[in-house]
Amino acid sequence: MNKYSYRILHEKILPIPSGSHYNSRKTRSEFVVRQFAPIIKGRILDVGCFEKDLSAVLPEGVEYVGIDLYGNPDIKFDLESGSLPFDNRSFDVVICVDVLEHLENIHFVFDELLRVSQKYVIIALPNCWHGNWRWILPWGSHTSGKYYGLPGDRPSDRHRWFFNTMEAVEFLEVKGKSNNAEIIMLDYIIPQRTVKRFLLHIIFGRHFLNWAVSTVYAVFEKKY
């Protein structure tokens, strides 16, 4: 795996993004297994698993446990209710993709992910700025009510936090250090085509990451 330095955000040097993207839970799970194949082994905990799409694409021999309040998890559990129901270092890898932003107690759950991991934690956070400039245009998209805004009917699934790429990376870095874990890989999902990506970089400079990136993936390795 490549080890990225966070200085890229301050020195205006951009890493090479994966260029990969996905449009469903199934293709997202395939991306995770493909992108982080070197560490997807042993006993895996999938936090916020919903219908356990990840379990269907894991390599042979991997032991899978899915936990969620909704869907069809192995263990039904409300992540807002307290500590994860596992002992310290129970899993070789803990995976938590597009989940933390939905939780009020995001900081506590982050700590729990590190606590129950033996070695690695894979976390994905969205860039909430991505595409949201369209909200202010008369002809723009107004389908964000599920996550933001003020819809007439109470949604069952909402984001509790609104942040951009650089804020997400700062959060990941700070929380990793407080849990004695090092980020060994950052992966930026940038769905735009190459020309649009280049233009955004020219226009926004180092803030390019705040506009172009849709999701940030971080791989943590625990230190003892």
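Visitor: In which helix is Asn210 found?

Guide: Helices here are DSSP runs of H or I with at least four residues, strands are runs of E with at least two, and both are numbered from the N terminus; Asn210 is found in helix α5, which covers residues 208–212. This is a predicted model, in which local features need pLDDT of at least 70 and side-chain atom pairs count only at pLDDT 80 or more, while totals for chains, interfaces and linings use all residues. Residues are numbered from 1 along each chain as its sequence is written, and side-chain values use heavy atoms, with hydrogens and water left out.

Visitor: Is Asn210 buried or exposed?

Guide: Buried means under 20% relative accessible area, exposed means over 50%, and partly exposed lies in between, with a 1.4 Å probe and protein chains only. Asn210 has a relative accessible area of 2%, so Asn210 is buried.

Visitor: Which residues does Asn210 touch?

Guide: A contact means heavy atoms within 4.5 Å. Not counting residues up to four places away in sequence, Asn210 touches Asn127, Trp129, His130, Asn164, Thr165 and Met166. A polar atom of the Asn210 side chain lies 3.3 Å from the backbone nitrogen of Thr165, and a polar atom of that side chain lies 3.1 Å from the backbone nitrogen of Met166.

Visitor: Why does Arg89 count as partly exposed?

Guide: Arg89 counts as partly exposed because its relative accessibility is 46%. Its place is in the loop between β3 (75–76) and β4 (91–97), and, leaving aside neighbours within four places in sequence, Arg89 is in contact with Arg115, Val116, Ser117, Gln118, Lys222 and Tyr224.

Visitor: What is the order of the strands in the open sheet?

Guide: Two strands pair if DSSP finds at least two bridges between them. The open sheet has 7 strands in the order β3-β2-β1-β4-β5-β7-β6, with mixed pairing, and its edge strands, β3 and β6 (181–189), each pair on one side only. Within this sheet, β4 and β5 (residues 117–126) pair in the parallel sense over 6 bridges, and Ile95 has Ile122 in β5 as its bridge partner.

Visitor: Which strands does helix α2 touch?

Guide: For the angles, axes are lines fitted to C-alpha atoms, for helices over the stretch in contact, and the values run from 0 to 180 degrees between N-to-C directions. Helix α2 (residues 106–115) packs on the sheet and touches β1 (43–47), β4, β5, β6 and β7 (215–222), its direction making about 145° with that of β5. Helix α3 (residues 165–178) lies across β5, β6 and β7, and runs at about 160° to β6.

Note on methods. A polar contact is a pair of N or O atoms within 3.5 Å; within protein, one must be able to donate a hydrogen and the other to accept it, and residues adjacent in sequence count only if both atoms are side-chain atoms.
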